[in-house]
Amino acid sequence: MSPSTPYQPILLRILHSVNAILVFSALITGFLVYNTYDKRWGSLTLPKLDDIQGIHGTIALTFLLTLPIFVLYSFRIGYRRLVQEQSFSHLTEVGKPIWWVSIHRIANTLTLLSTTFAVITGRMMKEEWLPAGEIFHSWYIAHLVAWVFVFFSVAFHLLLGIKVGGVPLLMSMFNRTRRSGDKLSNWLQDLRLDRASKLLKMLEFFVIGGIILAFILPAFS
């Protein structure tokens with residue numbers, strides 16, 4: 001590995017890769033669902049998959065099951081990559097490296113929030129709505145909004161990541177090396193540590209609470 005290439009913990013690489021695949025798959029299949037049943041704001045001429053809604057739902061459910069682990073890692077171990085209390089004061093230093101880093105941290109945090117919003121709204125939808133042409137349900141509209149938020153937050157996450165760390169940062173997520181500190185015992189110890197700021201604690205509460213709601217709300221709908 002080049003000295004200029006940052007090292008990413010193997011747990012981050014695994015969780016990031018799994019969730020990235022699921023998020024991109026959900027975005028693509030989500031658009032195909034819209035393109036099949038809705039089309040009110042335009043559409044593309046694409047092949048139709050008979051069970052695209054079921055495929056999207058399966059991917060989304062898998063993502064919901066993996067999301068809590070990634071969220072715990074992000075807030076407990078990778079908290080430095082998320083918004084900090086001083087991040088907002090750095091927004092006045094436009095164009096400076098710290099400005100780009102702060103924007104990147106905000107984008108990372110918004111990605112967690114938007115995906116949480118997406119899983120909540122998606123879980124509250126009914127499979128029979130779209131095939132029946134019922135495209136005006138509030139939960140479906142909210143899910144479309146969530147899709148847009150996820151799309152742009154992921155796009156900014158990638159673009160700002162390249163801006164801040166360049167190609168080496170991008171390639172570090174695909175590196176296969178492993179260090180002695182990448183042990184399960186170390187990860188569990190880090191998860192128990194409480195080093196986050198009050199702002200991150202509040203955001204963690206909302207994200208974890210949102211994920212819990214995504215699991216239990218459908219039982220009451």
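**View 1. Trp99 is a buried residue, with a relative accessible area of 18%.** Buried stands for under 20% relative accessible area, exposed for over 50%, and partly exposed for what lies in between (1.4 Å probe, protein chains only). Before we look further, please note that this is a predicted model, in which local features need pLDDT of at least 70, side-chain atom pairs count only at pLDDT 80 or more, and totals for chains, interfaces and linings use all residues. Residues are numbered from 1 along each chain as its sequence is written, and side-chain values use heavy atoms, with hydrogens and water left out.

**View 2. Trp99 and Trp100 form an edge-to-face pair.** How many aromatic pairs does the structure hold? There are 7 aromatic pairs. Here the ring centres of Trp99 and Trp100 are 4.8 Å apart and the planes stand at 80 degrees, so the pair counts as edge-to-face. Rings of Phe, Tyr and Trp (its six-membered ring) pair if their centres lie within 6.5 Å; planes under 30 degrees apart are called stacked, over 60 edge-to-face, and the rest tilted. Trp100 is partly exposed, at 27% relative accessible area.

**View 3. Trp147 and Phe151 are a stacked pair.** Their ring centres lie 5.5 Å apart with planes at 10 degrees, so this pair is stacked. About one helical turn separates Trp147 and Phe151, because they sit 4 residues apart in helix H4. Helices here are DSSP runs (H or I, at least four residues), as strands are (E, at least two), numbered from the N terminus. Trp147 is partly exposed at 26%, and so is Phe151 at 39%.

**View 4. Leu61, Leu65, Ile212, Leu213, Phe215, Ile216 and Phe220 make a nonpolar surface patch of about 690 Å².** Patch residues have over 30% relative accessible area and no salt bridge; nonpolar side chains (Val, Leu, Ile, Met, Phe, Trp, Tyr) are joined within 5 Å, like charges within 9 Å. A salt bridge is a side-chain nitrogen of Lys or Arg within 4 Å of a carboxyl oxygen of Asp or Glu. Areas come from the Shrake-Rupley method with a 1.4 Å probe, and for residues only the protein chains shown count as cover. Which helix gives the most to the nonpolar patch? H6 does, with 4 residues. Leu213 is found in helix H6 and is partly exposed, at 37%.
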